[in-house]
Amino acid sequence: MRTTSPNASRRRSAAILVAAILTVGVAGCGSSDSPSTAQAGPSASASANPDAGVLDIRDPWVKAADKGMTAAFGTLVNDGDTDVTVTSATTSLSPMELHEMAMKDGKMVMRQKQGGIVIKARSTHALEPGGDHLMLMNLTKPVQAGDELPVTLTFADGRTQQFRAVAKPFTGAQESYAPGHGEPMPGMSATPEMSMSPAS
């Protein structure tokens with residue numbers, strides 16, 4: 001009994017020592033994991049924000065067109081707690097303007113949207129035919145169905161966000177994104193108002 005008792009005591013001491021080492025090791029891993037996880041969270045979040053963008057842009061598309069003018073559409077989603085204002089849009093294929101449809105003298109006219117497009121906090125704003133839209137003013141080449149057009153939005157705070165709009169054939173309500181009544185547009189800066197004219 002005396003010979004087994006010291007062995008049992010040594011085994012018990014060794015087991016306690018191993019348990020203590022494992023506990024310290026796990027605690028050490030836990031403490032080193034916690035800060036790195038905490039650091040990874042914010043840095044991943046910070047790096048995800050520019051990638052994710054200021055807004056979520058759902059179903060972006062552009063009306064296919066051979067020449068002249070066309071428009072881009074989609075739904076702008078603001079999941080943030082503050083309003084967001086789009087002040088301009090650009091693409092390499094054409095100068096762009098923010099446009100709206102409004103009544104003037106009993107007629108529906110297309111005009112530049114003053115003050116930009118505001119997307120209220122926790123809400124959506126539709127860009128759609130017959131409403132607000134991103135106007136491509138003078139195509140340098142045709143936009144064919146299936147093409148993907150990169151568009152960059154600029155916001156009031158200076159941030160930018162790029163998205164791709166897929167070109168689709170669209171007749172809709174027979175809108176024609178062209179200067180009113182077949183008259184030539186008198187220049188890019190002189191296009192605040194344009195009539196909707198039926199497509200020929």
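1. Asp 105 counts as exposed, at 74% relative accessibility (exposed means over 50% relative accessible area, buried under 20%, partly exposed in between, with a 1.4 Å probe and protein chains only). This residue lies in the loop between E4 and E5 (strands, E, are DSSP runs of at least two residues, numbered from the N terminus). Its phi is positive, about 50°, although Asp 105 is not a glycine. For background, most residues other than glycine have a negative phi.

2. A word on what you are looking at: this is a predicted model, in which local features need pLDDT of at least 70 and side-chain atom pairs count only at pLDDT 80 or more, while totals for chains, interfaces and linings use all residues. Residues are numbered from 1 along each chain as its sequence is written, and side-chain values use heavy atoms, with hydrogens and water left out.

3. Back to the turn itself. E4 and E5 form a hairpin with two residues between the strands, and Asp 105 takes its positive phi there. E5 covers residues 107-112 and runs antiparallel to E4, with six bridges joining them (two strands pair if DSSP finds at least two bridges between them). Met 103 stands opposite Met 108 of E5.

4. E4 has another partner: E8 pairs with E4 in the antiparallel sense over four bridges. Here Met 96 has Leu 136 in E8 as its bridge partner. E4 is mostly covered, with seven of its nine residues buried.

5. Asp 59 also deserves a look. Its phi is near 50°, a positive value in a residue other than glycine. Asp 59 is found in strand E1, and counts as exposed at 64% relative accessibility.

6. Leaving aside residues up to four places away in sequence, Val 86 touches, among others, Leu 55, Leu 76, Leu 98, Ile 117, Ile 119 and Leu 153 (contact means heavy atoms within 4.5 Å).

7. On charges, a search of the whole structure finds seven salt bridges (a side-chain nitrogen of Lys or Arg within 4 Å of a carboxyl oxygen of Asp or Glu). Asp 81 forms one with Arg 122, the closest N and O atoms being 2.9 Å apart. This pair links distant parts of the chain, 41 residues apart: Asp 81 is in the loop between E2 and E3, and Arg 122 in the loop between E6 and E7. Both residues are exposed.

8. Two further salt bridges: Arg 159 is joined to Asp 157, with the closest N and O atoms 2.6 Å apart, and Arg 58 to Asp 56, with 3.4 Å between the closest N and O atoms. Arg 159 is partly exposed at 42% relative accessible area, and Asp 157 is partly exposed at 49%. Arg 58 is partly exposed too, at 40%, and Asp 56 at 35%.

9. Finally, Glu 100, Arg 111, Lys 113 and Asp 132 are linked in a network of salt bridges.
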